[in-house]
Amino acid sequence: MRDDVVNGILLIYHHRLMKNAPMILDHVDAFNRHSRFRTWAINTEGGFPPGLRNLRFRVLVLHYSLFGYWPCLQLSNEFLLYLRESKSSYKIAFFQDEYHFCKPRYDFINQFEIDCIYTLLEPRYFKEVYGKSTKAKSLIHTIPGYVSDQLLAKAKRLYRGDEERDIDIGYRGRPVMYYMGKGAQEKTEIAHTFRSRCRDLSLKLDIKTEENKRLYGDHWYKFLAKCRAVLGVEAGVSIFDLQDEVRTHCERMLAENPGSSFEDVSQRILEPWEGNIYYRTISTRHFEAAAFKACQILFEGKYSGIMEPMVHYLPLKKDFSNFDELIRLFRDRRVMREVKENAYRDLIASGKYSYKAFIDGFDHDLASKGFNPSIGEARAKEVTEALARGRAQFHLRLFLKMMRYYPFPGKSLITEPLKPLVRRYRRYRENRTGSDFCPHG
């Protein structure tokens with residue numbers, strides 16, 4: 001294989017072989033499905049492909065799934081070395097959960113010369129968050145996810161009419177760290193208060209916030225199909241930890257006072273940072289609910305300017321002062337039908353928020369910077385074959401990792417003898433290159 005530049009996109013992402021929300025793979029698959037630029041995607045869970053060493057790509061995309069465990073990247077030393085040596089590549093990074101570990105993120109952007117950042121921040125905060133601390137040349141606003149073909153297929157297959165739905169109002173959330181602020185606490189607050197207020201209303205609720213009650217894959221979609229309405233809040237947080245100090249202060253206080261409530265921590269530590277940078281957004285859950293025509297009961301918010309109260313959702317004030325009126329609206333079939341149909345029309349049927357529309361915009365931005373999607377089929381085949389070399393080892397690594405996540409009879413008889421080999425392989429990989437970052441190979 002020639003050591004030259006491939007006129008296409010290398011997309012690097014991380015996806016564990018375990019139950020997970022489908023949004024990661026939907027986002028990754030969108031580039032292959034819809035981009036005019038030829039795209040090759042590599043999951044770092046399987047290690048560094050040997051055939052990649054002598055290839056350089058015109059465009060290199062780092063998926064947000066690589067940065068889910070900051071400050072430890074889901075990139076081995078080999079991947080980091082590859083990024084460092086890809087001097088001629090135009091490097092794009094997609095970021096989510098940008099509100100913490102800002103300094104390591106800035107160091108990564110500058111050290112690996114990231115050219116373009118797709119961020120959930122609104123443009124008015126670009127300069128304050130990235131412009132002052134990084135050398136990135138381009139900043140583009142995005143949202144966490146879009147409407148995938150897979151979601152549309154699931155909604156079509158699993159859809160139920162209102163008369164077949166046996167849950168009046170459903171919800172799944174999870175507790176989050178205190179240092180994320182009051183906004184993040186809404187994810188559990190809406191569940192607890194709503195459930196309490198509905199105690200004597202003869203409504204069938206399925207509202208849970210425990211980690212072990214979360215639903216994934218088809219289980220989540222089947223749940224949506226059974227709900228007449230779902231609760232929801234804006235994604236994101238209300239504290240942006242620019243100096244990496246809020247988290248540290250918060251963790252220190254909790255270590256010293258383990259039983260502290262959020263109110264205690266908020267009053268003593270968090271208040272000065274509340275609302276310092278707006279970091280709230282619509283989420284994929286809102287598109288999923290719209291696709292399944294489940295009426296959305298949401299805390300009032302901006303929702304990226306995409307959803308409007310009493311048009312696409314029933315608004316619930318955060319102090320629950322309009323709770324009785326909201327229940328009256330929920331029981332009004334005409335209102336419910338109109339709100340659900342509006343959400344389906346504008347968020348789903350319009351195609352405005354589809355992955356195809358998102359990738360069209362992505363392609364347009366690349367074209368505006370002078371990139372051309374043309375590549376010969378022979379050359380594309382050559383690249384595909386090069387990346388396929390060593391696939392046996394790739395699948396073996398995936399199999400060994402998968403065994404960590406899933407219990408099965410006799411597991412220890414297989415895994416115990418393999419542990420010394422795995423440790424030796426990790427030491428070998430770690431010694432091959434150096435890195436200032438904390439890789440998860």
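This is a predicted model: local features need pLDDT of at least 70, side-chain atom pairs count only at pLDDT 80 or more; totals for chains, interfaces and linings use all residues.
Residues are numbered from 1 along each chain as its sequence is written, and side-chain values use heavy atoms, with hydrogens and water left out.

**Around Thr142**

- Thr142 sits in the loop between β7 (138-141) and α5 (149-158); helices (H or I, at least four residues) and strands (E, at least two) are DSSP runs, numbered from the N terminus.
- With a relative accessible area of 4%, Thr142 is buried; buried means under 20%, exposed over 50%, and partly exposed in between, using a 1.4 Å probe and protein chains only.
- Setting aside residues up to four places away in sequence, Thr142 touches Tyr118, Thr119, Leu120 and Phe358, a contact being heavy atoms within 4.5 Å.

**The whole protein**

- The protein has 16 helices and 15 strands.
- Of its 441 residues, 52% count as buried.
- The accessible surface is about 20,800 Å², and 51% of that belongs to carbon and sulfur atoms; the areas come from the Shrake-Rupley method with a 1.4 Å probe, and for residues only the protein chains shown count as cover.
- Take the contacts with a separation of 6 or more: 78% of them are between residues 24 or more positions apart.

**Nonpolar cores**

- The largest nonpolar core has 78 residues, and Ile92, Phe194 and Ile297 touch the most other members; such a core is a set of buried Ala, Val, Leu, Ile, Met, Phe, Trp, Tyr and Cys residues joined through side-chain atoms within 4.5 Å.
- Helix α12 (residues 333-349) gives the most to this core, with 6 residues.
- Apart from this core lies another, of 59 residues, with Phe48, Phe79, Ala136 and Tyr279 among them.
- Beyond its neighbours within four places in sequence, Ile92 has contacts that include Val59, Val61, Ile114, Cys116 and Phe362.
- Phe194 belongs to helix α6 (residues 182-197) and is buried, at a relative accessible area of 0%.
- Not counting residues up to four places away, the contacts of Phe194 include Ile207, Ile297, Leu316 and Phe320; Phe194 and Ile207 are 8.9 Å apart, C-alpha to C-alpha, and 13 residues apart in sequence.

**Salt bridges**

- Side chains of opposite charge can pair when their charged atoms come close.
- The whole structure has 27 salt bridges, each a side-chain nitrogen of Lys or Arg within 4 Å of a carboxyl oxygen of Asp or Glu.
- Asp149 pairs with Arg33, their closest N and O atoms being 3.7 Å apart. Asp149 is in helix α5 and Arg33 in helix α1 (residues 23-34), 116 residues apart.
- Lys302 and Glu122 meet at 2.8 Å, N to O. This pair links the loop between β13 (295-299) and β14 (314-316) to the loop between β6 (116-119) and α4 (126-131), 180 residues apart.
- Lys302 is partly exposed at 39%, whereas Glu122 counts as buried at 16%.
- Glu122, Arg124 and Lys302 are linked in a network of salt bridges.
- Glu186 and Arg280 meet at 3.0 Å, N to O. Glu186 lies in helix α6 and Arg280 in strand β12 (residues 279-281), so the pair ties together parts 94 residues apart in sequence.
- Glu186 counts as buried at 8% relative accessibility, and Arg280 counts as buried at 9%.
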